[in-house]
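Let's take a walk through this fold, ring by ring and helix by helix. Keep the viewer open and click along as we go.

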Amino acid sequence: MKDYALAAIAGIWLADGLSLLLAPRFVVERLREVIRQQPAIWTWQWLSVVAGAVLLFTALPLRYQPLWVLTALAMLTKGLFLVLGPEKWRSRLVEWCLNREDVDYRFVGIGLCTLAALLLHALGWLGQE
């Protein structure tokens with residue numbers, strides 16, 4: 001069961017990464033629109049907290065352990081900050097993130113795709129030894 005949970009996280013990373021690689025401006029504009037229309041979207045950041053906790057505890061025996069620990073801690077920190085952080089700081093950070101150049105989003109997309117591929121490799125679902 002834990003393999004499927006980790007594969008789901010890898011799938012989310014892959015989908016997000018590919019969308020940022022292929023159409024970064026479209027994705028960011030849609031995200032900006034959703035944030036403007038539905039301020040309650042921040043409750044979805046609990047998903048990042050839960051996924052970070054799942055990654056932290058279930059990926060420990062896998063290959064690339066330091067990467068999973070750092071990634072899980074980053075997910076937990078980001079999610080908790082966006083849910084519980086002061087509105088002023090959160091809005092500044094989100095505004096800064098949503099006003100980057102397209103190439104910046106593409107680098108993030110490459111990073112997410114790389115994380116997805118490495119997690120699937122660590123699970124034994126990608127590549128053979």
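Rings of Phe, Tyr and Trp (its six-membered ring) pair up here if their centres lie within 6.5 Å; planes under 30 degrees apart count as stacked, over 60 as edge-to-face and the rest as tilted. One caveat before using that: this is a predicted model, where local features need pLDDT of at least 70, side-chain atom pairs count only at pLDDT 80 or more, and totals for chains, interfaces and linings use all residues. Residues are numbered from 1 along each chain as its sequence is written, and side-chain values use heavy atoms, with hydrogens and water left out.

A pair of aromatic rings is described by the distance of the centres and the angle of the planes. Take Tyr 4 and Trp 125: the ring centres sit 5.7 Å apart and the planes are at 70 degrees, so this pair is edge-to-face. Tyr 4 belongs to helix 1 (residues 2-22) and Trp 125 to the segment after helix 6 (102-123), so the pair ties together parts that are 121 residues apart in sequence. Helices (H or I, at least four residues) and strands (E, at least two) are DSSP runs, numbered from the N terminus.

Is Tyr 4 buried or exposed? Buried means under 20% relative accessible area, exposed over 50%, and partly exposed in between (1.4 Å probe, protein chains only). Tyr 4 has 58% relative accessibility, so it counts as exposed, while Trp 125, at 44%, counts as partly exposed.

Another edge-to-face pair is Tyr 64 with Trp 68, at 6.5 Å centre to centre and 75 degrees between the planes. Tyr 64 is partly exposed at 30% relative accessible area, whereas Trp 68 is buried at 1%. Ring pairs also bring in Trp 13, linking Trp 13, Tyr 64 and Trp 68 into a cluster. For background, most residues other than glycine have a negative phi.

Now zoom out. The protein chain has six helices and zero strands, giving the pattern α-α-α-α-α-α along the sequence. With 129 residues, a compact globule would have a radius of gyration near 14 Å, and the chain's 15 Å agrees with that; the radius is taken over C-alpha atoms, and the globule rule is 2.2 Å times the number of residues to the power 0.38. Along the principal axes, the C-alpha atoms fill a box of roughly 45 × 30 × 20 Å. Buried residues make up 33% of the 129. Contact means heavy atoms within 4.5 Å, and among contacts between residues at least 6 apart in sequence, 77% join residues at least 24 apart.

Thr 71 is in helix 4 and is buried, with a relative accessible area of 12%. Leaving out residues up to four places away in sequence, Thr 71 touches Trp 13, Leu 55 and Leu 115. Ala 72 is also found in helix 4, and at 0% relative accessibility it counts as buried. Over in helix 3 (residues 45-58) you'll find Ser 48, buried at 10% relative accessibility. Ser 48 is in contact with Met 75, Lys 78 and Gly 79, leaving aside neighbours within four places in sequence.

Finally, how do helix 4 and helix 5 pack? Two packed helices are described by the angle between their axes and the distance between the axes. Helix 4 (residues 65-84) and helix 5 (residues 87-97) pack at an angle of about 125 degrees, with axes 8 Å apart. Axes are lines fitted to C-alpha atoms, for helices over the stretch in contact, and angles run from 0 to 180 degrees between N-to-C directions. Helix 4 and helix 5 are therefore oblique to each other: angles under 35 degrees count as roughly parallel, over 145 as roughly antiparallel, 65 to 115 as roughly perpendicular and the rest as oblique. Phe 81, Leu 82 and Val 83 of helix 4 make the contact with Trp 89, Arg 90, Leu 93 and Val 94 of helix 5. These residues divide into six nonpolar, no polar and one charged, where Ala, Val, Leu, Ile, Met, Phe, Trp, Tyr, Cys and Pro count as nonpolar, Asp, Glu, Lys and Arg as charged, and the others, Gly among them, as polar.
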